[in-house]
Amino acid sequence: MNSAHITLAQIIWIWIGAFLTFCIFSFLYKDNPLYRFAEHLFVGVSVGYSISISYHNVLYPDLIVPLFKHGQLLNIIPLLFGLCYFARFIPQVSWLIRLPMGLVLGFGAGASIPATLQASIIKQIQGAVLTPNIFKHWDFFVWALITFIGLICVVTYFYFSKERNKVTKLVAEGGVIFLMVGFGASFGYTVMARISLLIGRFQFLLRDWLHIIK
Amino acid sequence: MQRTIPLALCLGFGIFMIIQFFIPHPVSNAAYDIVLKWIRLITIFALVLGVGSLSMHHTTKIRRKITGWQYSIVTIIGVIVTAVIGLVGGVGRGSGLQVIFQNIFIPVNATMFSILAFYMASAAYRAFRARTKEATILLIAAFIVMLGMVPIGSAISKRLPELAEWILTVPNTAAKRGIIFGLALGSIATSLKIILGIERGWLGGGRQ
Amino acid sequence: MHIFLITLMLVSQISPPSCVTSYDTPNDAGNSITIHWTLSTDPNIAGYKLFRTQQGQEPEFLSFLSPFEKQYLDENVKNKIPYTYQITAFKVVGNDTLDAGSAVSNIVTSSPQWFNTKRLNVLIGIVIFFTLILYFIMHARRGKKLFIRRIAGLDAVDEAVGRATEMGKPILYVPGLSSVSDIATIAAINILGEVAKKTAQYETTLLVPNRDPIVYTVAREVVKEAYTSVGRPDVYKADNIFFITDSQFAYAAAVDGIMVREKPATNFFLGMFWAESLILAETGANTGAIQIAGTDSIFQLPFFITACDYTLIGEELYAASAYLSREPLLLGSLVGQDYGKIVIVSIVILATILMMLSAKIPVLNILKLFNIG
Amino acid sequence: MKFFEILGKIDRKIIFIILAVVVIIPLIKPFGLISKASSRAQSVFDAVDAIPAGKPLMISIDFDPASMPELYPMLTAILRHAFAKDVKVVVLGLWLTGMGLGEQALATVSQEYNKEYGKDYVFLGWKSGILPVVLGMGEDIKKAYPADNYGTPLESIPMMQSIKNYRDIPFFISLSAGSAGYETWIAYAQSRYGLKIGAGVTAVSAADAYPYLQTGQLTGLLGGMKGASEYEFLVKQKGYTNQFSPASQAMDAQSLGHLLILILIVLGNIGYFFTRHSSRKEQQ
């Protein structure tokens, strides 16, 4: 950023941003009015923001223009269904809200079944199956075999409809080891995520606000 | 009627979406296009629920002067000012909405989750214990990934990033794939129950 | 003269592309024909020209193609009308362009299809899983017994309640931060009922702070019912099940405060959690409570596992709740999913064996039909 | 033994301060650890590089400012790469609250490369319902998005003339912080329409994406701020930009932060084992 071009308004806004940042940081000391203020302001702004984007990106171009300017009357049907959401606040007809909900839920559930089956089951089965390619190199073979065994152990761990016998108990215990390594990987990565977010805020404070770093 | 019609809609659209997946014929595609458009337009109104209950919640708080009602005023003002600026001024480059987004929304939203780093550090010291065999394995794997994924890891040992990579691509993949299978089956079961009206919690009145 | 001869030789060398075949593009909505050909053997050609002839009309130029393309998708055809295709290799010699045309392709018509055969495997999968899940739900609903093993986590629950009784300290039960639409919340409430029965018997204080107003009302009912069912409605204190706030971090801070003040002997964190899981589990660990957690949020599980004494991992939470509540719907779909897992693992193992064999026995390439491997 | 008891009583707030110091110092005084690109970041980079001339890269903003430090640098680095290579870019998003970030990134980066709206890049914005958008674009982008973010009909945008649906998108990147995110695109856009997908994810969910890498459902993966720094590294290495790269700047602080957390866990556990050991002895 070239500091020569920063206007007074921009400076004020950056100070506001810095102030709000400290309001939230103050929660680390304890829950306090400054934190509550920033949090409530945020809730309000995010709803106001959603209203604006929803109107400009969807409601106006996709419903109002086609229906009232181009006279595409078929759009009345989704409009009527959509208006049923308001029934939530009118006790006498509040059941009407179930109409759009049923429609949207049914749509979502129906769309998700083949999609989940294809992306998360069939594709993952394909990934899990060992192919003759693994014989190309020793480490291919060993790692593929470990992944294969690990998968079976983990699935066994999450199998509930039979009492565990000696064999399945052993297999399930193997599954726990794989699960723990997997969660450990997530843990390590989550540490990274949290620290990154903190660095991001410090970059804002030190760079944009105080200009200490470039 | 208050239950049958919504359930019928749910069943009808659910089955349509499943069957449509297998039929490439233009007839099915045309119907599919219409359904997609309708859903897109209907779901925009779901915003009504969020805005409605939020403003009701806060206006009641203000009216009844429930503890912390002053903050509710802040929220309501936030909604109104942002919405007016956004609706009137548009969403484009350099609009008032964009200024509010960059200077109020971003700082608060980003900082809220950045404070978790502090709690992570304090929990690292005070709570993350290798109290069982499982937790020990977890922490060891976490150490390797934590170091292997950042530059300092390769400064310590060249092997470390490779080991981290191995953990991620071999045992981690096996574990996560097992979890994916479970999640996928669970989601298929839930979707099926919703379509068939076996699971009808969404009709309200608690479960079933 | 020499130059002329060489040019002549070059011209005579240009060989046309061969084996031009065309067919209706499969598994589509029609209006599309796929054309394949074998490349010209001439390495110097500049490219191909593709022509289409609608029956009874003049050939029509479609497109220039690079010298390496072997396939073209013609999406500008009408259904039910017969077409033929011809492809011409061309090269530039001096100022001239030299062409060599292929034979005319077979006659082809385009049409839409009613079933996408590439998705046959998905259809088979749907049939299998639907049957399994529905069968077991019906089975459970008809009152037939379905077996689920008692998972080890439930013993830990009993033990933890016992410990609080011994110490004369309260139990804190956080039913997650999500709404009732979350399966994890429902599971948490089922387990809450069971825990409440025990605390009623032992007269141990049970504190249930809530973030969701609806979960709060449901939790209150469930606890009250539990106290009544074991004949101790007198010990039930409505004030111990309470609503705090719907703000995520403010809720976490408030529960932290309860843990520090009341020093519960046991903390339960069951249900859906987000980033606040860390804050809750840390404070609990520091107050010296026994902590039992359970969630299906894979992002929070690592923290619970390292900061709590026992953690129900993902589906274990559902299994525990189904085991306790014996609700047919929960039991049925859990057992159905279990059988689904058997199917998946069997396919993985079977396909692996067949893949290994298919390296020697080509017939097994039939597997490719099902997109396996 | 006493030592560990004292250690055990260190106040939370002192640890907070230590973390802040450990993160701030390397930001002010960097010591320049070098971050190399992993094969997964390289795959994303190569896939963007391989986009044929005139064809677009599609980027979906599936995050909000809460994960900005991780994913926003990816967005700007990828945009710089695309613009430097004259690849056209279509940006959209499944997260409403991420739209301001898309606007900000496009405004900044398009200026650096003098790119023209409508000719070199398009910002489609947000649409409701998620699934109808992801599925609908497989049939016809102009039906899912009749107009762009600014209300201009797509039909009148020059760049969109030659783009009908996913078949005209050689590569797609989802920058995703959860649901809806890259898994949504895989499940709906890829399994139905064969879209080639790369992902940039928050570190929290990076480990969960690996099964999708192995099956080829994901072409490359950028995990967290480290992934962003890898992409920044690749873009700088090729000389595509000399702008500020926030993720790379953060890597020293990131490294020290990890080291601190690790030391804290080890210290905490040593204390835990000693006190547990001594209390057991007392009981005996």
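Predicted model: local features only at pLDDT ≥ 70, side-chain atom pairs only at ≥ 80, totals over all residues.
Reader: Which are the buried residues of α6(B)?

Author: They are Leu116(B), Ala117(B), Phe118(B), Tyr119(B), Met120(B), Ala121(B), Ser122(B), Ala123(B), Ala124(B), Tyr125(B) and Arg126(B). Buried means under 20% relative accessible area, exposed means over 50%, and partly exposed lies in between, with a 1.4 Å probe and protein chains only. Helices (H or I, at least four residues) and strands (E, at least two) are DSSP runs, numbered from the N terminus.

Reader: Turning to interfaces, how many residues of chain B are in contact with chain A?

Author: On the chain B side there are 102, and they meet 109 residues of chain A. Contact means heavy atoms within 4.5 Å. The area buried between the two chains is about 9,700 Å², with 83% of it given by carbon and sulfur atoms. Buried area is the accessible area (1.4 Å probe) that two parts lose on being put together, summed over both.

Reader: Which three residues supply more than any other three of the area that chain B buries against chain A?

Author: Ile42(B), Phe45(B) and Tyr71(B) do, with 7% of that area.

Reader: And what is the area buried between chain D and chain A?

Author: That area is about 4,000 Å², of which 68% comes from carbon and sulfur atoms. Here 57 residues of chain D are in contact with 43 residues of chain A. Leu27(D), Leu96(D) and Val204(D) lose the most area on the chain D side, together 11% of what that side buries.

Reader: At what angle do the axes of helix α4 of chain A and helix α8 of chain D cross?

Author: Helix α4 (residues 98-128) of chain A and helix α8 (residues 182-193) of chain D cross at roughly 80°, and their axes come within 9 Å. This makes α4(A) roughly perpendicular to α8(D). Axes are lines fitted to C-alpha atoms, for helices over the stretch in contact, and angles run from 0 to 180 degrees between N-to-C directions. Angles under 35 degrees count as roughly parallel, over 145 as roughly antiparallel, 65 to 115 as roughly perpendicular and the rest as oblique.

Reader: Which residues make the contact?

Author: From α4(A) come Ala111(A), Ser112(A), Ala115(A), Gln118(A) and Ala119(A), and from α8(D) come Ile186(D), Ala187(D), Tyr188(D), Ser191(D) and Arg192(D).

Reader: What does Ser54(A) touch, and is Ser54(A) buried or exposed?

Author: Ser54(A) is buried at 4% relative accessibility, and its place is in helix α2 (residues 33-69) of chain A. Leaving out residues up to four places away in sequence, Ser54(A) touches Leu59(A), Ile44(B), Leu47(B), Leu96(D) and Trp126(D).

Reader: Where does Gln337(C) lie?

Author: Gln337(C) lies in helix α10 of chain C, and at 9% relative accessibility Gln337(C) is buried. Residues up to four places away in sequence aside, Gln337(C) touches Gly182(B), Leu185(B), Gly186(B), Ala189(B) and Glu315(C).

Reader: How many disulfides are there over all chains?

Author: The count is zero, where a disulfide is a pair of cysteine sulfur atoms within 2.5 Å. The sulfur of Cys84(A) has its closest cysteine sulfur in Cys10(B), 15 Å away, which is too far for a bond. Cys84(A) is buried, at 12% relative accessible area, whereas Cys19(C) is exposed, at 57%.

Reader: Moving to the backbone, what is the peptide bond from Ser179(D) to Ala180(D), cis or trans?

Author: That bond is cis, with omega near -5°. Ala180(D) sits in the loop between β4 (171-176) and α8 of chain D. Most peptide bonds are trans, and most residues other than glycine have a negative phi.

Reader: What is the phi of Asn114(D)?

Author: Phi of Asn114(D) is near 55°, a positive value in a residue other than glycine. Asn114(D) is in the loop between α5 (99-112) and β3 (121-126) of chain D, and is exposed, with a relative accessible area of 71%. Arg326(C) also has a phi near 55°, but Arg326(C) is partly exposed, with a relative accessible area of 35%.

Technical notes. Residues numbered from 1 in each chain as written. Chains lettered and ligands numbered in written order. Heavy atoms only, no water.
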